[in-house]
Amino acid sequence: IHLACQQNVFEYVENDIVAPLPDGVAVLLGDRIAITIKCFVKIVCCFEYWYIEVIHIFCMKIYNDLFDKIICSENLFLAWDAFRGGKQNKRDVLEFELHLEESIFKLHHELKNKTYKHGPYTGFYIRDPKQRHIHKATVRDRILHHAVFSPINPIFEETFISTSFSCRVGYGAHKGVDALEATLRRVSRNDTNPCFALKCDI
C-alpha cells in the first residue's frame, strides 16, 4: 500500500529503511483525505513526490467486560482448580480448602466492591542449584493471579513471536533448546562459522 504523506511526517520517522510511524501522525490519501495510522513504513521517493509504503498496520482490538470475566465466581473456581494442581498437600493450600466456597465468594465480593487488597509476600530460599530468594503470595492472591491470566492470556498469546518459549502452553524449555540448536546450526552453517549470543534482560 502506498500513501502520499505530508512533509512533516518524516520528522517523526527514524532514518531507517523500515521505521515505525507513531500514533497521531496524519497521512494523506490520494484523494487528499487525512487519516491517522500506526504502522511500520518504508520511505519512498518518486521524483518530487514522497510516499510511505505501509509494511504492516496494527489493528486495535477492544475487549469489553474483562474485569467482570476475571472476577466472576465461575472463573475464580476455575482458577482455584488450575492453581491447586501439585499443591494439594501444602499447608496453606489445605487451610484455604477447608473453607473453599466461603473464601472464593469473599474474594469475589471484595473484587466486585473494589475493596480487595493484595496480601504480603512470604520469603524463602531454594537451591536449583544456586541459591535464590523467592517471594510467595498468599493462596487467595495466587488464585486471583490465575483468574487474571485465564481471560487475558489468549489476547496476548497471538502477539508473541514464535521463539518465545517461557510460560506458554505447548512450549517450554525443551522446545526452546531444540529451537536454539536449529538456529545455531543455521547461523554457524553447521558449525563451520563462529556465532555469538547476546544474553540480556529487557
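Me: How many helices and how many strands does the protein chain have?

Reply: The protein chain has six helices and eight strands. Helices here are DSSP runs of H or I with at least four residues, strands are E runs of at least two, and both are numbered from the N terminus. Before we go on, this is a predicted model: local features need pLDDT of at least 70, side-chain atom pairs count only at pLDDT 80 or more, and totals for chains, interfaces and linings use all residues. Residues are numbered from 1 along each chain as its sequence is written, and side-chain values use heavy atoms, with hydrogens and water left out.

Me: What pattern does the protein chain follow along the sequence?

Reply: Reading along, you get β-β-β-β-β-β-α-α-α-α-β-β-α-α.

Me: Which strands make a hairpin?

Reply: Two strands pair if DSSP finds at least two bridges between them. Here β7 (residues 122-127) and β8 (residues 131-136) pair in the antiparallel sense over six bridges, and they form a hairpin with three residues between them. To find your place in the pairing, take F124: its bridge partner in β8 is I134.

Me: Let's pick a helix. How many residues does α2 have, and how far does it reach?

Reply: The expected span of a helix is 1.5 Å times one less than its number of residues. Helix α2 (residues 73-84) has 12 residues and reaches 17 Å from its first C-alpha to its last, close to the expected 16 Å. After α2 comes G86, with a positive phi near 80°.

Me: Which residues of α2 are buried?

Reply: Buried means under 20% relative accessible area, exposed means over 50%, and partly exposed is in between (1.4 Å probe, protein chains only). The buried residues of α2 are S73, N75, L76, A79, W80 and F83. Looking down the axis of α2, they fall within an arc of 155°, so they line one face of the helix. That arc is the one spanned by the directions from the helix axis to the C-beta atoms. On the other side of α2, E74 and L78 are exposed.

Me: What do the buried residues of α2 pack against?

Reply: Contact means heavy atoms within 4.5 Å. The buried residues of α2 pack against α1 (66-71), α3 (91-98), α4 (100-112) and α5 (139-157). N75 is one of those buried residues, at 9% relative accessibility. Not counting residues up to four places away in sequence, N75 touches K69, I70, A147, S150 and P151.

Me: And I71: where is it, and is it buried or exposed?

Reply: I71 is in helix α1, and at 5% relative accessibility it counts as buried. Leaving out residues up to four places away in sequence, I71 touches L76, H108, L111 and K112. I71 and L107 are 36 residues apart in sequence, with their C-alpha atoms 8.4 Å apart in space.

Me: How many aromatic pairs does the structure hold?

Reply: Rings of Phe, Tyr and Trp (its six-membered ring) pair if their centres lie within 6.5 Å; planes under 30 degrees apart count as stacked, over 60 as edge-to-face and the rest as tilted. The structure holds four such pairs. One of them is F77 with F105, edge-to-face at 5.7 Å centre to centre and 70° between the planes. F77 lies in helix α2 and F105 in helix α4, so the pair ties together parts that are 28 residues apart in sequence. F77 is partly exposed at 22% relative accessible area, and F105 is partly exposed too, at 42%.

Me: What about W80 and F83: why is that pair tilted?

Reply: The ring centres of W80 and F83 are 6.2 Å apart and the planes sit at 45°, so the pair is tilted. Both residues lie in helix α2, three residues apart, about one turn of the helix. In general, an α-helix has 3.6 residues a turn, so residues three or four places apart point the same way. W80 and F83 are both buried, and ring pairs link W80, F83 and F96 into a cluster.

Me: Zooming out, what share of the protein chain is buried?

Reply: Buried residues make up 23% of the 202 residues. Among contacts between residues at least 6 apart in sequence, 43% join residues at least 24 apart.
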